[in-house]
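Please consult the sequence and coordinates alongside the text.

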Amino acid sequence: MIEDRIANGFSPFVIPFMVGMAFVLGYCIIGMVRLLLQLPGEDRKKFLVSLITPSTMLKNVRDLFLDCLFHVKLWKRKPLLGYMHSSIAFGWFMIILLGHIEVALFLPHRLKTFYYPIFFNYFVAEEGRTLKGSVFFFLMDFFLLVILSGIILAIIKRIRSRWFGMRRTTKLTAVDRIGLYSLWLIFPLRLLAEGFTAHISGGSFLTMPVNWVVQHVFSSPGFFDNNLHMLPTWWAYSIDLAVFMFVLPFSRYMHIPAEMLLIPMRNAGLKIRNARKGFAKAVVYSCPSCGVCIDACPMTVKKANVKYSTVYLNRQIRRGNEDKIEEISDKCLMCGKCSAVCQVGVQGPELRVAQRAVRKYAVPGDFSSINTVPLTIAAGQGTGNVAYFAGCMTALTPGISRSVESLLKKSGVDYKFLDRDGGLCCGRPMLMAGRIKEAHQIMAKNREIILSSGCDTLLVSCPICYKVFKENYDLEAAGVKVLHHSVYFESLAASGKLKIEHDLLNLVFHDPCELGRGSGIYEQPRNLLALAGNLVGAEQDRKMSICCGGSLGSLTLDFQQREDMTRNALKNLCADVPDIIVTACPLCRSTLRRYADRPVLDISEVVDRFAVARGLERSA
Amino acid sequence: MKETVVIIGGGIAAIEAARQLLSLGYSPLIVERSNSLGGHVAQWHRLFPDMTPAQDLVRQMISSISQAEICLGTEVASLNRLKDGYSVVLSNGRNVVCRAVLIATGFDLFDARKKEEYGYGIYNQVMTNRDLEQWFNTGNDPRVRNPKSIGFVHCVGSRDLKAGNSQCSKVCCVTAIKQAIEMKERFPAAQIYCFYMDLRLFGKKYEDFYINAQKDFDIHFIRGRVSQVDETIDGGVVVKAEDTLSGKPLKVSLDLLVLMSGMVCNAGSASIAGMIRADVDTDGFLRSKDNVYNIVESNRPGIFFAGACTGTKTVPETISEARSAALSIHNYLKG
């Protein structure tokens, strides 16, 4: 039987813990209320409604368990890293949960005492052994062991981060260090404290041997007298918990409560609208400073530009360091790889666009005076349901538009070339620069031109145009399907309209950021290429593809700074010694060509080389 | 017996250095990769500012080195430092030991296909400055068909970080003006445009050339880089550029577009420099001991440079540098 050992159920050592807990809860609640108030009205409503909608409720619970406790994404990335995090998070959660169950089962009248489940072993005495009690003591010790194994891994990771699949990790701040060391200490201290009291409160396979050690090995009547040191160890445990809770809001450990808010907000469909307020705040505070984005960032090749990676953007936004925030926001290539690898889903590029959008320009852009009449008239002429929009980048790489036209002719498609004699920019570069209003002016005009063509399929060569047409133009609603040429020609080949002869060339495909991570198109270009030659792999591809370095996303990187990035991307692509590097973006193609030691071609150029004109098929 | 000096390269720098070395009492050995001497200049038609026929000059220069030993169609297979000199192994199997080597490997013309937006190799009516000189020489090029309008694009691959070259090629400004005048003389009815970002007319009589081109030949100079070239249905090209003096974008339809390809370091220079660990400069050209006082000397004893292997040069500059290199070699060998 387990019973109260201390009649009033109180000891002064619980005070540090209680104060720390009150502080951290107060801080988080006030922070959450402020954050909710910062949300635009419709977003707030959307969020609150989602909290009581059964389907999102279910999703929230699932995501909270899988992401916050089990760290499923980390397991997928590197099991050792996943084990380290989930052992601490899930173990801790279980200890708290079991502590409450213990109180509820054995001492239900103490349930309203907040600290009881945490310091249970101090306040109870085991009068007689029961199976129920033993099971709980066993479980408590078991999860403590799980946590301790995680802590040992965490200490090893600090020394040998490469064993955990990380080349570079973040530089910790002073507060982060206090948080880290106090976190490491919590569980050894708990073990020690429970060990000191285990002969009274009862214990299991972990706490009992510790008790035996302190009872017998150090049992000299002087210093190591067990009962004399029982209380100081419990004090130490409580103070350490308090230290951790006091530094939590100012350290990276703020990600623990923040992520619990971020997950339901994301599931409610909220988007970053302001780089500092509302949803963005939840995003920024959810960053655990793990530094996975440092290795992922294409700018950090040769140890350069580490300070511009997303983890440091989050840190500077938390600090409110305006100069650094601006600098980091402008430097980024917007390739989206940091988002792809981020375990909590920090959206690096979106944060930066929101930051760029608050900037004031001396001369506001105004595109309302652009006359679209000649362009709409030109677009309306000619026949064909397929309108080909080459875009500015393809206008600078006429080799690509030639191949696309040639393939369209070989497939017998009736098409019109929408911007052969000039057109408007798609607006995405403006959008990425954060000039949202100007971008929308251009986009509205461009949409008018596209719709006046009367086409039902808009074929584009440039993934930058593709992404914006798809996401911001609302063309599908007007009955216009937007297709990138790699997808279109793949479907033509699959339906037999386009015949391609196979060759023995080794081809590697470079996923353009805007087409791959940006639009989720990975397989169609590869299927199409596999018809023309042998597809070989790159070191990192698909979601992990490395930006070519030519992106329009960066506002401040110059050519010399980009050179190392491009060379790194090329090295990654040439791992399997391809004969030709193939991509599906005119900008990637130009950029890679600058330093490549072998041909770099657009997918349309490669396919056109092996495509057979209709009626000219070689007879079998 | 006369002392041998190996000269790598067979352009005007090599020929002139050989001539000077002969008269100083040495026995120069010219190693040239191609099958003829004269390099880029031999392919040119006329040279500014006096419209000297390039082939006459090259012929005259070659005739002056009849006593020099010349290995055509030969490359340097290896170049090794000995205790007191170099061992040069040629691709024909010959091994030459000498105390001094002159590197005169010159330049490559920038590959205009790299500036794809200008359409060289894609559109029919786009040619380079070298193509045009060849047409002047041979009169045989399908692209030149009595053009009514001709454009010249300056700085193609020069002063262009996007193309990987920051250097100015020095000669293209005046070459464009020279070629524009020559075209106007052949096709007096044609409208001729030069698209430039700067006109760097530093040499003797260059400015006169420019003034004549405007005054006597009515050639239009438009300040602004060409952004894009498109092909028209009738096979001509449309050039989109900005006139930065009037601040307006403009579109010009042309029958012929000539790209003034700049100079980049010869691809072979770096491999030869690598054999003896001579330095390559940040611009890709070979690095002189210094760029003021010792341009023809390298950081390796007995290795000398002449001509465009160390940077972009005009013909007269190259010739004086070749003479200077010969004298430096002479001083090195006798001292």
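In chain A, the axes of helix α14 (residues 310-319) and helix α15 (residues 322-331) come within 9 Å and cross at roughly 155 degrees. Axes here are lines fitted to C-alpha atoms, for helices over the stretch in contact, with angles from 0 to 180 degrees between N-to-C directions. Helices (H or I, at least four residues) and strands (E, at least two) are DSSP runs numbered from the N terminus. The model is predicted: local features need pLDDT of at least 70 and side-chain atom pairs count only at pLDDT 80 or more, whereas totals for chains, interfaces and linings use all residues. Residues are numbered from 1 along each chain as its sequence is written, while chains are lettered from A and ligands numbered from 1 in the order in which they are written.

α14(A) and α15(A) are therefore roughly antiparallel to each other, the term applying to angles over 145 degrees. On the α14(A) side, the contact is made by Tyr312(A), Leu313(A), Gln316(A) and Ile317(A), and on the α15(A) side by Lys324(A), Ile325(A), Ile328(A) and Ser329(A). Residues are in contact if their C-beta atoms, placed from the backbone, lie within 7 Å. By class, this contact has 5 nonpolar, 2 polar and 1 charged residues; Ala, Val, Leu, Ile, Met, Phe, Trp, Tyr, Cys and Pro count as nonpolar, Asp, Glu, Lys and Arg as charged, and the others, Gly among them, as polar.

Chain A also has an open sheet of 4 strands in the order β9-β8-β10-β11, with parallel pairing. Two strands pair if DSSP finds at least two bridges between them. Because β9 and β11 (600-602) of chain A each have a single partner strand, they stand at the edges, and one side of each is left without a neighbour in the sheet. Strands β8 (residues 506-510) and β10 (residues 580-583) of chain A run parallel and are joined by 4 bridges. His510(A) stands opposite Thr583(A) in β10(A).

The loop between β9 (534-536) and α26 (559-573) of chain A holds Ala538(A). Ala538(A) is buried, with 23 other C-beta atoms within 10 Å, where buried requires 20 or more. Beyond neighbours within four places in sequence, Ala538(A) is in contact with Val508(A), Asn572(A), Leu573(A) and Ala575(A).

Finally, the contact between chains takes 8 residues from chain A and 8 residues from chain B. Helix α20 (residues 398-410) of chain A gives the largest share of the chain A side, 3 residues.

Conventions. Angles under 35 degrees count as roughly parallel, over 145 as roughly antiparallel, 65 to 115 as roughly perpendicular and the rest as oblique. Two residues are in contact if their C-beta atoms, placed from the backbone, lie within 7 Å. A residue is buried if 20 or more other C-beta atoms lie within 10 Å of its own, exposed if 12 or fewer, and partly exposed in between; C-beta atoms are placed from the backbone.
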